[in-house]
Structures are given as C-alpha cells and as structure tokens.
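Subject: Structure handover

Hi,

Here is the structure for you to look over. My notes follow below it.

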Amino acid sequence: MMQQLPRERLVVAIDCVAIMEQALASTVEYVKQRTAFDRELIRFQNTRMKLAEAATEATVARTFVDECIQRFDNGTLDDATASMAKWWASDRLGRVVDECVQLFGGYGYMTEYPIARAFADARVQRIFGGTNELMKELIARSL
C-alpha cells in the first residue's frame, strides 16, 4: 500500500488541475456574458487581472503535474515530489475556485451553478489522500 501513495497523490493533483481548468474556463465564459454597469464583466480591469492570476496558477500547476506524470511513467516519482504535487495543486485549486466564485457573484454560491459545486469539492481535495499539513511534513522530512 505504501508504494501506491505517490500514485494516489498524483491522481489527486491531476484531479485538482482538471477542476481548476474547468472552473477557469466556465468563469471566462460567464464574465464575457454577464454585465454590470452596462458592460460585460470581462471589460473590467479587476476581472481581467483576477483571471490572469488564476490562469497563471492553473498553468504552473498543470506544468508541474505533467512533469510528475512523466516521472511516474518512468518510475522516478518519489514520495516527496508526489506530496508536493498534491499539496500545491489542491492549495491552488482552492485559491482559483475561490476567485472564480467571487467573479460569479451571488450566482457562484448557488448550487445550480457548477462553480458552486467545484467550490465545495475543492475543499476536500486538501484533506483526502493525506492532509496538506501531512504533505508538508513529508516534504520537510525529505530535505
């Protein structure tokens, strides 16, 4: 079972990146359609800056997780790096989805919208597969 922990943590990281990317895509679509003060939300500088930050975080997470997938495939993914991927991706997911909910406004908190479900689901990612605090401890032990 212990040999499968890096794989489990990698799977959590992959899931986090996928949710992050979906949340970002649906938020971009939403802010292009939703208006306030007679213009689309995407035309507000704050909206664009928040989306730029979220897109960057998602891209960095995707790049790191892709590297971890390559390491897993060639048998070189170690426990510490898998723990880093799980911690980083789930932490970034929480941040990105939180910003996306904010851009949805009140609708972001209504369960009829997929972003509300992503927000609720993002929280558990930091718990299962080992809490993020445990991930940091495992990483620290490898230093």
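Which helices do the buried residues of H5 pack against? They pack against helix H1 (5-33) and helix H3 (79-104). Bear in mind that this is a predicted model.

**Helix H5**

H5 spans residues 132-141. Its buried residues are Asn132, Met135 and Ile139. Viewed down the axis of H5, these buried residues fall within an arc of 50°, so they line one face of the helix. Glu133 and Arg141 are on the other side of H5, and they are exposed.

**The largest pocket**

The volume of the largest pocket is about 160 Å³. Two elements each give two or more residues to its lining: H1 and helix H4 (114-125). H1 supplies the largest share, with five residues.

- Ile19, Gln22, Ala23, Ser26 and Tyr30
- Phe104 and Tyr113
- Pro114, Ile115 and Ala118

**Aromatic pairs**

A search of the whole structure turns up five aromatic pairs. One of them joins Phe104 and Tyr113. Their geometry is edge-to-face, at 6.0 Å centre to centre, with 70° between the planes. How accessible are these two residues? Phe104 has 7% relative accessibility, so Phe104 counts as buried, being under 20%. Tyr113 has a relative accessible area of 26%, and that makes Tyr113 partly exposed.

Ring pairs also build a cluster from Tyr30, Phe104, Tyr107 and Tyr113.

**Charges over rings**

There are two arginines to look at here. The charged end of Arg39 sits over the ring of Phe44, 3.9 Å from the ring centre. The charged end of Arg92 sits over the ring of Trp88, also 3.9 Å from the ring centre.

**Gly105**

Where is Gly105 placed? Gly105 lies in the loop between H3 and H4. Its relative accessibility is 35%, so Gly105 counts as partly exposed. Take Lys50 as a reference point: Gly105 and Lys50 are 55 residues apart in sequence. In space they are 14 Å apart, C-alpha to C-alpha.

Best wishes

Notes:
Residues are numbered from 1 along each chain as its sequence is written. This is a predicted model: local features need pLDDT of at least 70, side-chain atom pairs count only at pLDDT 80 or more; totals for chains, interfaces and linings use all residues. Side-chain values use heavy atoms; hydrogens and water are left out. Rings of Phe, Tyr and Trp (its six-membered ring) pair if their centres lie within 6.5 Å; planes under 30 degrees apart count as stacked, over 60 as edge-to-face and the rest as tilted. Buried means under 20% relative accessible area, exposed over 50%, partly exposed in between (1.4 Å probe, protein chains only). A charge sits over a ring if NZ of Lys or CZ of Arg is within 6 Å of the ring centre and within 35 degrees of the ring normal. Helices (H or I, at least four residues) and strands (E, at least two) are DSSP runs, numbered from the N terminus. The arc is that of the directions from the helix axis to the C-beta atoms. Contact means heavy atoms within 4.5 Å. On a 1 Å grid over the protein atoms alone, a cavity is a set of points where a 1.4 Å probe fits but cannot get out, and a pocket is an open set with protein on both sides within 12 Å along at least five of seven lines; lining residues have an atom within 4 Å of a point. Grid points are joined across faces, edges and corners, and a volume is the space filled by probe spheres set on the points.
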